[in-house]
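Welcome! Here is a short tour of a protein chain for someone who is seeing it for the first time. Please take a look at the sequence and the model before reading on.

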Amino acid sequence: MDLKKLASTLIPDDNLLPLEEYEKQYPERQLEKGAEVTRLAPSPTGFIHLGNLYSALADERIAHTTGGIFYLRIEDTDLKRKVDGAVESVIRSLDYFGVNFDEGAEIDSPLNKYGPYYQRRRASIYRAYAKDLIERGLAYPCFCTEDELNAVREEQTANKEITGYYGKYAKCRNLSEEQIYANLKAGKPFVIRLKSQGDTSNKITFRDAIKGDITVTENDQDVVILKSDGIPTYHFAHAIDDHFMHTTLVIRGEEWLSSLPIHLELFKVLGFRLPKYGHTCSLMKVDNGVKRKLSKRKDPELSLDYYRSAGYYPKAVVKYLMTILNSNFEEWERKNPQADYRDFKFSISKMGKSGALFDIDKLNDISKAELSTLSAEQTYDFLNGWVSEFGTDKDRQHFADGQYIIKILNLICGIGGKKRRKDIVRAESGVRMIDYFFDDTFAPDYCYRFDKATVNSVIDGFAAVYSEADDNSAWFAKVKQIAADNGFAAEMSDYKANPENYKGSVADVAEILRIAVTGMPNSPDLCTVMGILGASRTLARLNAGKR
RNA sequence: GGCCUUGUGGUCAAGCGGUUAAGACGGAGCCCUCUCAAGGCUCAAUCCCGGGUUCGAUUCCCGGCAGGGUCACCA
């Protein structure tokens, strides 16, 4: 068979360059020894999720701790799934979490010398290489229809055989020249398949940068490399792009592990040097007692917008991801509490081999700790940013008075006190936490644990002596006095020694006052709360709090 | 089902032939304390099972079992 003729009949494009030209066009990158080139290669199917961030963070850290390059490539070979604005969304979302690209699609950089970074715009390179494979007898046209393929699959399934297009099932593999041209003449659509040279009885030991040694068999599937629309499949585009973009380390989800044999064969057949691979484990969750991969459809916590709208501090999400990405990160952080997480020596060998369950408690803890490192002003800026995007109109009115909010935050955060408080987990809960400082969102729950007469007597007694000028100890002395006046123990030690002698302790008295003023049995330092509210509002609330 | 892969407390996990089997989150308790939070201290809780190899296995080998992934003209 005249393969040259076949190739140019199948792929008649006359704008294709000789293969060496592509090599010249994308020369080796000039980087330091040990520098890794990594990439994020999403398909523009919608919004980026936590799993993408997880993987992107690993890519970004590895590239940037080795003096390498982290680039963005868009795998838009499946136009059915394309969503407008997805690329911008990927960049914006990652940027919000502090993950930035050096090069790639929609990235403004002088480094953009390996583009185009959209696969659809690279069609000629793929076609040139597919053409070459046909000429070399390593690829062939396949005219099988979807129905035929399905029928074969059913037959294979019924016979408990391996499904796919291989061996005797590869009907078009040995089509005669006449048959091929007859099909072409009849206008039958075709795909280009790899003529696999592999044999599944041959085992290959492969070293994965994350998973370690894994054993796979050679590929024997005649996979599609060019779809009927002339656009490559993922496998083919991956081999060509990562070769010409000079990716040194491919980090991708472990769902790709099973198609690794295909990639191994493709790199071999194309004569490309194989990059290193690191297959990451996926983030899991327990659902109805079953452990499963976090799903884009079912799990809102997978969406990055979820973290934004809930008001998680972006750096906290990143640090949480770092703790599951590199198990020694937490330890390092405790030793270097002031250091930026970027100073941590990220190591791909420390990445876990099995899927981690997503742990919201852990995230909350990290978020709380992270927020507690901010000043009141920084906290205000963060909360205010959330409020302007996700808050209510009332929130926005409240936050317009920055000085007042900062006064509250100083209290909530315990700034200036002996111990820094860690009350705020995320912006949303933080904003709700201070609602009681505003009359229009003050929603008291008068859950007193004492009878009406006692409550009123305590409140009246305190209201009569309250002075805004009192410092904490003077204030507390008055509370103790009210306690004594109403049959409560003024000293905790007295109460503990003889609880039966008292109605309760000074703590119970403070609770009554706290409920009246804040509407809740728990709050930060009551004396300071009253100070922030001011005398007139404090007195008004005390009065309103009587039963 | 075939193939690949994983298996240390509830969760994330150190460990890499001999350890009282780290640490963190979560849980319980105590202290502190006007409550809560924070902080300090303490406690409970783990090597999937069965065979080997070995003086000795959480660690090495084999076999089960359980979990995960994957079997497209999707990526």
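## Contacts and overall form

Two residues are in contact if their C-beta atoms, placed from the backbone, lie within 7 Å. Of the contacts in chain A with a separation of 6 or more, 74% are between residues 24 or more positions apart. The model is a predicted one: local features need pLDDT of at least 70 and side-chain atom pairs count only at pLDDT 80 or more, while totals for chains, interfaces and linings use all residues. Residues are numbered from 1 along each chain as its sequence is written, and chains are lettered from A and ligands numbered from 1 in the order in which they are written.

Chain A holds 23 helices and 12 strands; these are DSSP runs numbered from the N terminus, with helices being H or I of at least four residues and strands E of at least two. The radius of gyration of chain A, 33 Å, is well over the 24 Å that the globule rule gives for 547 residues, so the chain is more spread out than a compact globule. That radius is taken over C-alpha atoms, and the rule is 2.2 Å times the number of residues to the power 0.38. Along the principal axes, the C-alpha atoms of chain A fill a box of roughly 110 × 55 × 40 Å.

## A closer look at α18

Helix α18 spans residues 452-465, and its 14 residues reach 20 Å from first C-alpha to last, close to the 20 Å expected at 1.5 Å a residue (1.5 Å times one less than the number of residues). Which residues of α18 are buried? They are Thr454, Val455, Val458, Ile459 and Phe462. Seen down the axis of α18, these buried residues fall within an arc of 125 degrees, so they line one face of the helix; the arc is that of the directions from the helix axis to the C-beta atoms.

A residue is buried if 20 or more other C-beta atoms lie within 10 Å of its own, exposed if 12 or fewer, and partly exposed in between, with C-beta atoms placed from the backbone. On the other side of α18, Lys452, Ala453 and Ala464 are exposed. The cover over the buried residues of α18 includes α19 (472-485), α21 (506-518) and α23 (535-544).

## How α18 meets α19

Helices α18 and α19 pack at an angle of about 140 degrees, with their axes 10 Å apart. Axes are lines fitted to C-alpha atoms, for helices over the stretch in contact, and angles run from 0 to 180 degrees between N-to-C directions. Val458, Gly461, Phe462 and Val465 of α18 meet Lys478, Val479, Ile482 and Asp485 of α19.
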